[in-house]
Amino acid sequence: MAVAFAPNVAAAPDGVPPAVVPLAQGPRQTDHLAAARYLDAHPDSVPLGVNNFDCRPTAAHPRPVVLVHGTDSSAYSDWAAIGPQLVDAGMCVFALNYGGAPGADTYGTEDMRVSFAQLSAFVDDVLARTGATKVDLVGFSQGATVSRFYVNKLGGAAKVDRWVGVASPTYGGVMYGLMPLGQAVPGLLTVYEKVTSVAAVQQGQGQPIMVELNAGGDTVPGVRYTTIGSRVDEMIQPFDSIALRGPGATNLVLQDLCPVDMTGHFHMVYDPFVAQLVRKTLDPDNAPAPVCVPVALGTGIPEVIIAGNS
(Lines give C-alpha, C1' and ligand atoms only; values in the text may rest on other atoms or scores of the structure.)
Protein backbone atom coordinates (compact mmCIF):
# COMPACT_ATOMS: atom_id res chain seq x y z
CA MET A 1 0.00 0.00 0.00
CA ALA A 2 1.21 3.49 -0.82
CA VAL A 3 -0.27 6.71 0.43
CA ALA A 4 -0.30 10.16 -1.08
CA PHE A 5 1.76 12.04 1.43
CA ALA A 6 -0.20 14.47 3.58
CA PRO A 7 2.22 16.09 6.03
CA ASN A 8 0.89 16.82 9.50
CA VAL A 9 3.22 19.74 10.18
CA ALA A 10 4.24 21.67 7.08
CA ALA A 11 2.12 21.29 3.99
CA ALA A 12 3.66 21.57 0.57
CA PRO A 13 2.96 24.90 -1.14
CA ASP A 14 -0.33 25.35 -2.91
CA GLY A 15 -0.35 23.69 -6.29
CA VAL A 16 2.39 21.21 -5.38
CA PRO A 17 1.14 17.62 -5.63
CA PRO A 18 1.89 15.38 -2.67
CA ALA A 19 4.75 12.94 -2.78
CA VAL A 20 3.95 9.25 -2.56
CA VAL A 21 5.03 7.32 0.52
CA PRO A 22 5.17 3.57 -0.20
CA LEU A 23 4.32 1.32 2.74
CA ALA A 24 4.21 -2.28 1.44
CA GLN A 25 7.33 -4.02 2.75
CA GLY A 26 9.42 -5.58 -0.02
CA PRO A 27 12.37 -7.96 0.22
CA ARG A 28 16.04 -7.05 0.02
CA GLN A 29 17.53 -6.96 -3.48
CA THR A 30 21.05 -7.21 -4.87
CA ASP A 31 20.66 -5.24 -8.13
CA HIS A 32 18.38 -2.85 -9.98
CA LEU A 33 16.90 -5.48 -12.28
CA ALA A 34 15.74 -7.70 -9.45
CA ALA A 35 14.25 -4.67 -7.71
CA ALA A 36 12.50 -3.54 -10.92
CA ARG A 37 10.98 -6.96 -11.51
CA TYR A 38 9.66 -7.15 -7.97
CA LEU A 39 8.33 -3.60 -8.23
CA ASP A 40 6.45 -4.41 -11.43
CA ALA A 41 4.35 -6.90 -9.49
CA HIS A 42 4.31 -4.91 -6.24
CA PRO A 43 4.26 -1.22 -7.22
CA ASP A 44 3.67 0.10 -3.70
CA SER A 45 6.81 -1.47 -2.25
CA VAL A 46 9.31 0.09 0.11
CA PRO A 47 12.56 -1.56 1.25
CA LEU A 48 12.23 -3.89 4.20
CA GLY A 49 11.91 -2.00 7.48
CA VAL A 50 11.73 1.44 5.85
CA ASN A 51 8.82 3.83 6.54
CA ASN A 52 7.99 2.35 9.92
CA PHE A 53 6.40 5.43 11.43
CA ASP A 54 6.26 3.75 14.83
CA CYS A 55 10.07 3.79 14.94
CA ARG A 56 11.56 6.06 17.61
CA PRO A 57 15.16 7.27 17.53
CA THR A 58 17.46 6.05 20.31
CA ALA A 59 20.41 7.56 22.11
CA ALA A 60 22.71 5.53 19.86
CA HIS A 61 20.89 6.64 16.70
CA PRO A 62 19.10 9.89 17.53
CA ARG A 63 18.41 11.04 13.98
CA PRO A 64 16.07 9.41 11.47
CA VAL A 65 17.62 8.76 8.06
CA VAL A 66 15.76 9.96 4.97
CA LEU A 67 16.70 8.26 1.69
CA VAL A 68 16.20 10.22 -1.55
CA HIS A 69 16.21 8.22 -4.80
CA GLY A 70 17.54 9.15 -8.23
CA THR A 71 16.11 10.01 -11.64
CA ASP A 72 13.42 7.81 -13.20
CA SER A 73 13.46 5.56 -10.15
CA SER A 74 11.79 5.06 -6.76
CA ALA A 75 12.47 4.44 -3.09
CA TYR A 76 12.40 0.69 -3.62
CA SER A 77 14.40 0.62 -6.85
CA ASP A 78 17.34 2.53 -5.39
CA TRP A 79 17.28 1.59 -1.71
CA ALA A 80 16.28 -2.10 -1.57
CA ALA A 81 19.82 -3.00 -0.49
CA ILE A 82 21.01 -0.09 1.64
CA GLY A 83 17.71 0.70 3.37
CA PRO A 84 17.35 -2.64 5.19
CA GLN A 85 21.01 -2.57 6.23
CA LEU A 86 20.52 0.77 7.95
CA VAL A 87 17.38 -0.54 9.66
CA ASP A 88 19.31 -3.59 10.85
CA ALA A 89 21.90 -1.21 12.33
CA GLY A 90 19.19 0.28 14.55
CA MET A 91 18.28 3.40 12.61
CA CYS A 92 14.80 4.74 11.86
CA VAL A 93 14.78 4.95 8.06
CA PHE A 94 12.30 6.68 5.76
CA ALA A 95 11.95 7.19 2.01
CA LEU A 96 9.55 8.95 -0.32
CA ASN A 97 8.73 8.72 -4.02
CA TYR A 98 9.12 12.30 -5.22
CA GLY A 99 8.86 14.04 -8.57
CA GLY A 100 6.37 11.73 -10.27
CA ALA A 101 3.89 12.65 -12.99
CA PRO A 102 0.21 11.92 -12.22
CA GLY A 103 -0.35 8.17 -12.38
CA ALA A 104 3.36 7.50 -12.81
CA ASP A 105 5.00 4.24 -11.79
CA THR A 106 8.44 5.83 -11.78
CA TYR A 107 9.60 9.01 -10.09
CA GLY A 108 12.22 11.74 -10.16
CA THR A 109 11.22 12.88 -13.64
CA GLU A 110 9.32 16.14 -13.14
CA ASP A 111 10.31 19.72 -12.33
CA MET A 112 12.80 19.54 -9.46
CA ARG A 113 11.29 22.60 -7.80
CA VAL A 114 8.26 20.46 -7.04
CA SER A 115 10.56 17.74 -5.71
CA PHE A 116 12.30 20.21 -3.39
CA ALA A 117 8.96 21.12 -1.82
CA GLN A 118 7.91 17.48 -1.52
CA LEU A 119 11.11 16.55 0.30
CA SER A 120 10.81 19.54 2.62
CA ALA A 121 7.31 18.53 3.63
CA PHE A 122 8.33 14.89 4.08
CA VAL A 123 11.23 15.80 6.39
CA ASP A 124 8.87 17.90 8.50
CA ASP A 125 6.51 14.97 8.83
CA VAL A 126 9.28 12.53 9.75
CA LEU A 127 10.47 14.90 12.47
CA ALA A 128 6.97 15.38 13.81
CA ARG A 129 6.16 11.66 13.89
CA THR A 130 9.45 10.53 15.40
CA GLY A 131 9.98 13.40 17.83
CA ALA A 132 13.49 13.98 16.50
CA THR A 133 14.94 17.46 16.04
CA LYS A 134 17.11 16.66 13.00
CA VAL A 135 17.44 14.04 10.27
CA ASP A 136 20.32 12.70 8.21
CA LEU A 137 19.80 12.77 4.44
CA VAL A 138 21.22 10.27 1.95
CA GLY A 139 20.66 11.09 -1.72
CA PHE A 140 21.60 9.09 -4.79
CA SER A 141 22.27 10.92 -8.07
CA GLN A 142 19.38 13.37 -8.55
CA GLY A 143 18.44 12.63 -4.95
CA ALA A 144 21.71 14.22 -3.88
CA THR A 145 20.84 17.39 -5.81
CA VAL A 146 17.26 17.53 -4.52
CA SER A 147 18.34 17.01 -0.92
CA ARG A 148 21.25 19.48 -1.10
CA PHE A 149 19.03 22.17 -2.61
CA TYR A 150 16.63 21.63 0.29
CA VAL A 151 19.50 21.93 2.79
CA ASN A 152 21.29 24.88 1.19
CA LYS A 153 18.46 26.98 -0.22
CA LEU A 154 15.20 26.10 1.55
CA GLY A 155 16.18 26.28 5.20
CA GLY A 156 16.81 22.57 5.58
CA ALA A 157 20.16 23.15 7.29
CA ALA A 158 18.37 23.76 10.59
CA LYS A 159 16.80 20.31 10.34
CA VAL A 160 19.71 18.26 8.97
CA ASP A 161 22.89 17.07 10.69
CA ARG A 162 24.53 14.90 8.01
CA TRP A 163 24.06 15.03 4.26
CA VAL A 164 25.45 12.16 2.19
CA GLY A 165 25.55 12.34 -1.61
CA VAL A 166 26.12 9.05 -3.44
CA ALA A 167 27.17 9.74 -7.06
CA SER A 168 26.17 13.35 -6.60
CA PRO A 169 26.03 15.46 -9.80
CA THR A 170 27.37 18.42 -7.81
CA TYR A 171 28.14 20.62 -10.81
CA GLY A 172 25.72 18.98 -13.22
CA GLY A 173 26.26 16.52 -16.03
CA VAL A 174 27.10 16.95 -19.69
CA MET A 175 24.83 14.09 -20.87
CA TYR A 176 27.59 12.40 -22.85
CA GLY A 177 28.51 15.78 -24.33
CA LEU A 178 24.97 16.53 -25.50
CA MET A 179 24.25 19.28 -22.95
CA PRO A 180 26.57 21.94 -24.48
CA LEU A 181 25.03 21.23 -27.88
CA GLY A 182 21.51 21.45 -26.48
CA GLN A 183 22.27 24.77 -24.85
CA ALA A 184 23.68 26.13 -28.11
CA VAL A 185 20.87 25.03 -30.45
CA PRO A 186 17.45 26.67 -29.84
CA GLY A 187 14.75 24.13 -29.03
CA LEU A 188 17.09 21.20 -28.58
CA LEU A 189 16.75 21.09 -24.80
CA THR A 190 13.01 20.65 -25.26
CA VAL A 191 13.74 17.64 -27.43
CA TYR A 192 16.03 16.28 -24.73
CA GLU A 193 13.23 16.68 -22.18
CA LYS A 194 10.88 14.59 -24.31
CA VAL A 195 13.48 11.86 -24.78
CA THR A 196 14.59 11.83 -21.13
CA SER A 197 12.71 13.98 -18.61
CA VAL A 198 12.40 17.53 -17.33
CA ALA A 199 14.43 16.66 -14.24
CA ALA A 200 17.21 15.04 -16.28
CA VAL A 201 17.73 18.19 -18.31
CA GLN A 202 17.51 20.44 -15.24
CA GLN A 203 20.55 18.63 -13.85
CA GLY A 204 22.72 19.56 -16.81
CA GLN A 205 25.93 21.48 -16.32
CA GLY A 206 25.18 25.19 -16.48
CA GLN A 207 21.43 24.79 -16.16
CA PRO A 208 19.68 27.43 -14.01
CA ILE A 209 18.86 25.17 -11.06
CA MET A 210 22.43 23.89 -10.83
CA VAL A 211 23.83 27.42 -11.03
CA GLU A 212 21.43 28.56 -8.32
CA LEU A 213 22.28 25.59 -6.10
CA ASN A 214 26.01 26.31 -6.10
CA ALA A 215 25.79 30.10 -6.00
CA GLY A 216 27.35 31.41 -2.82
CA GLY A 217 29.16 28.16 -2.05
CA ASP A 218 28.64 24.40 -2.18
CA THR A 219 27.95 24.07 1.54
CA VAL A 220 26.26 25.99 4.34
CA PRO A 221 27.26 26.15 8.01
CA GLY A 222 26.00 23.59 10.51
CA VAL A 223 25.74 20.57 8.21
CA ARG A 224 28.30 17.79 7.78
CA TYR A 225 28.52 16.91 4.08
CA THR A 226 29.98 13.73 2.56
CA THR A 227 30.14 12.77 -1.10
CA ILE A 228 30.83 9.20 -2.22
CA GLY A 229 31.96 9.08 -5.84
CA SER A 230 33.57 6.76 -8.36
CA ARG A 231 36.37 7.53 -10.79
CA VAL A 232 34.52 5.46 -13.40
CA ASP A 233 31.11 7.08 -13.00
CA GLU A 234 29.39 6.71 -16.38
CA MET A 235 27.19 9.79 -15.97
CA ILE A 236 29.39 12.32 -14.18
CA GLN A 237 32.66 13.25 -15.83
CA PRO A 238 35.15 14.48 -14.96
CA PHE A 239 34.54 12.45 -11.83
CA ASP A 240 35.97 15.11 -9.52
CA SER A 241 32.98 17.31 -10.32
CA ILE A 242 31.19 15.10 -7.77
CA ALA A 243 33.25 16.64 -4.95
CA LEU A 244 31.99 19.53 -2.86
CA ARG A 245 34.23 22.53 -2.31
CA GLY A 246 33.49 24.19 0.98
CA PRO A 247 33.63 24.02 4.77
CA GLY A 248 32.16 20.90 6.32
CA ALA A 249 32.69 18.73 3.24
CA THR A 250 34.36 15.32 3.08
CA ASN A 251 34.82 13.76 -0.36
CA LEU A 252 35.32 10.00 -0.56
CA VAL A 253 36.48 8.39 -3.79
CA LEU A 254 35.58 4.71 -4.03
CA GLN A 255 38.75 3.58 -5.79
CA ASP A 256 40.96 5.46 -3.32
CA LEU A 257 39.49 3.32 -0.55
CA CYS A 258 39.05 0.07 -2.49
CA PRO A 259 41.13 0.11 -5.71
CA VAL A 260 39.70 -3.19 -6.99
CA ASP A 261 36.11 -1.95 -6.81
CA MET A 262 35.31 -0.54 -10.26
CA THR A 263 31.67 0.21 -9.56
CA GLY A 264 30.29 3.09 -11.62
CA HIS A 265 27.26 5.34 -11.35
CA PHE A 266 24.37 2.94 -11.73
CA HIS A 267 25.61 0.21 -9.40
CA MET A 268 26.62 2.50 -6.53
CA VAL A 269 23.51 1.85 -4.44
CA TYR A 270 23.93 -1.93 -4.85
CA ASP A 271 27.66 -2.04 -4.22
CA PRO A 272 28.36 -3.65 -0.82
CA PHE A 273 31.38 -1.45 -0.12
CA VAL A 274 29.40 1.72 -0.86
CA ALA A 275 26.60 0.50 1.42
CA GLN A 276 29.12 0.02 4.20
CA LEU A 277 30.59 3.48 3.53
CA VAL A 278 27.13 5.02 3.88
CA ARG A 279 26.59 3.26 7.19
CA LYS A 280 30.06 4.24 8.44
CA THR A 281 29.44 7.87 7.47
CA LEU A 282 26.14 7.95 9.33
CA ASP A 283 27.45 6.06 12.36
CA PRO A 284 31.24 6.51 12.47
CA ASP A 285 31.62 5.42 16.09
CA ASN A 286 29.81 2.09 15.82
CA ALA A 287 29.77 0.86 12.21
CA PRO A 288 32.47 -1.64 11.22
CA ALA A 289 35.12 -0.71 8.70
CA PRO A 290 34.00 -1.43 5.12
CA VAL A 291 35.40 -4.62 3.57
CA CYS A 292 36.99 -4.21 0.15
CA VAL A 293 36.22 -6.84 -2.50
CA PRO A 294 36.73 -6.76 -6.30
CA VAL A 295 33.91 -5.48 -8.51
CA ALA A 296 34.29 -5.60 -12.28
CA LEU A 297 34.04 -2.52 -14.46
CA GLY A 298 30.53 -2.24 -15.92
CA THR A 299 28.81 -4.17 -13.15
CA GLY A 300 25.15 -3.27 -12.95
CA ILE A 301 24.87 -1.51 -16.31
CA PRO A 302 23.13 -4.37 -18.19
CA GLU A 303 20.64 -4.74 -15.34
CA VAL A 304 19.79 -1.04 -15.45
CA ILE A 305 19.33 -1.10 -19.23
CA ILE A 306 17.11 -4.18 -19.12
CA ALA A 307 15.10 -2.79 -16.20
CA GLY A 308 14.56 0.50 -18.02
CA ASN A 309 13.30 -1.18 -21.17
CA SER A 310 11.18 -3.96 -19.73
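Trainee: What percentage of the 310 residues of the chain count as buried?

Mentor: The share is 53%, where buried means under 20% relative accessible area, exposed over 50%, and partly exposed in between (1.4 Å probe, protein chains only). This is a predicted model, in which local features need pLDDT of at least 70 and side-chain atom pairs count only at pLDDT 80 or more, while totals for chains, interfaces and linings use all residues. Residues are numbered from 1 along each chain as its sequence is written, and side-chain values use heavy atoms, with hydrogens and water left out.

Trainee: How many helices and strands does the chain have?

Mentor: There are twelve helices and ten strands. Helices (H or I, at least four residues) and strands (E, at least two) are DSSP runs, numbered from the N terminus.

Trainee: What makes the link of Cys55 to Cys92 a disulfide?

Mentor: The S to S distance is 2.0 Å, and a disulfide is a pair of cysteine sulfur atoms within 2.5 Å. The torsion about the S-S bond of Cys55 and Cys92 is about -80°, so this disulfide is left-handed. Cys55 sits in the loop between strand 4 (45-47) and strand 5 (65-68), and Cys92 in the loop between helix 3 (82-88) and strand 6 (93-95), so the pair ties together parts 37 residues apart in sequence. Both Cys55 and Cys92 are buried.

Trainee: How far apart are the sulfur atoms of Cys258 and Cys292?

Mentor: They are 1.9 Å apart, and the two cysteines form a disulfide. The link of Cys258 and Cys292 has 80° about the S-S bond and is right-handed. Cys258 is in the loop between helix 10 (254-257) and helix 11 (272-282), and Cys292 in the loop between helix 11 and helix 12 (301-308), so the pair ties together parts 34 residues apart in sequence.

Trainee: Why does Cys292 count as partly exposed?

Mentor: Its relative accessibility is 36%, so Cys292 falls in the partly exposed class. Cys258, at 0%, counts as buried. The structure holds two disulfides, and with the bonded cysteines numbered in sequence order the pairing is 1-2, 3-4.

Trainee: Why is helix 1 called roughly parallel to helix 12?

Mentor: The axes of helix 1 (residues 32-41) and helix 12 cross at roughly 25° and come within 8 Å. That crossing makes the two helices roughly parallel, because angles under 35 degrees count as roughly parallel, over 145 as roughly antiparallel, 65 to 115 as roughly perpendicular and the rest as oblique. Axes are lines fitted to C-alpha atoms, for helices over the stretch in contact, and angles run from 0 to 180 degrees between N-to-C directions.

Trainee: Which residues make that contact between helix 1 and helix 12?

Mentor: Helix 1 contributes His32, Leu33 and Ala36, and helix 12 contributes Glu303, Val304, Ile306 and Ala307; contact means heavy atoms within 4.5 Å.

Trainee: What is the strand order of the open sheet?

Mentor: The six strands have the order 6-5-7-8-9-10, with parallel pairing. Two strands pair if DSSP finds at least two bridges between them. Strand 6 and strand 10 (249-253) are at the edges, each with a single partner strand, so one side of each has no neighbour in the sheet.

Trainee: How do you know that strand 5 pairs with strand 7?

Mentor: Four bridges join strand 5 and strand 7 in the parallel sense, and Leu67 stands opposite Val138 in strand 7. Strand 5 also runs parallel to strand 6, with three bridges between them; there the bridge partner of Leu67 is Ala95. Both faces of strand 5 are covered, with Val65 and Leu67 buried on one side and Val66 and Val68 on the other.

Trainee: How many bridges join strand 8 to strand 9?

Mentor: Five bridges join strand 8 (residues 160-166) to strand 9 (residues 224-229). Arg162 stands opposite Arg224 in strand 9. Helix 5 (residues 142-153) packs on the sheet, and its direction makes about 145° with that of strand 7 (135-140). Helix 11 also packs on the sheet, at about 165° to the direction of strand 8.

Trainee: What makes the backbone at Asn51 worth a remark?

Mentor: Most residues other than glycine have a negative phi, and most peptide bonds are trans. Asn51 is not a glycine, yet its phi is positive, about 65°. Asn51 has a relative accessible area of 6%, so this residue is buried. Ala167 also has a positive phi, about 55°, and is buried with a relative accessible area of 0%. The bond that joins Gln237 and Pro238 is cis, with omega about -5°.
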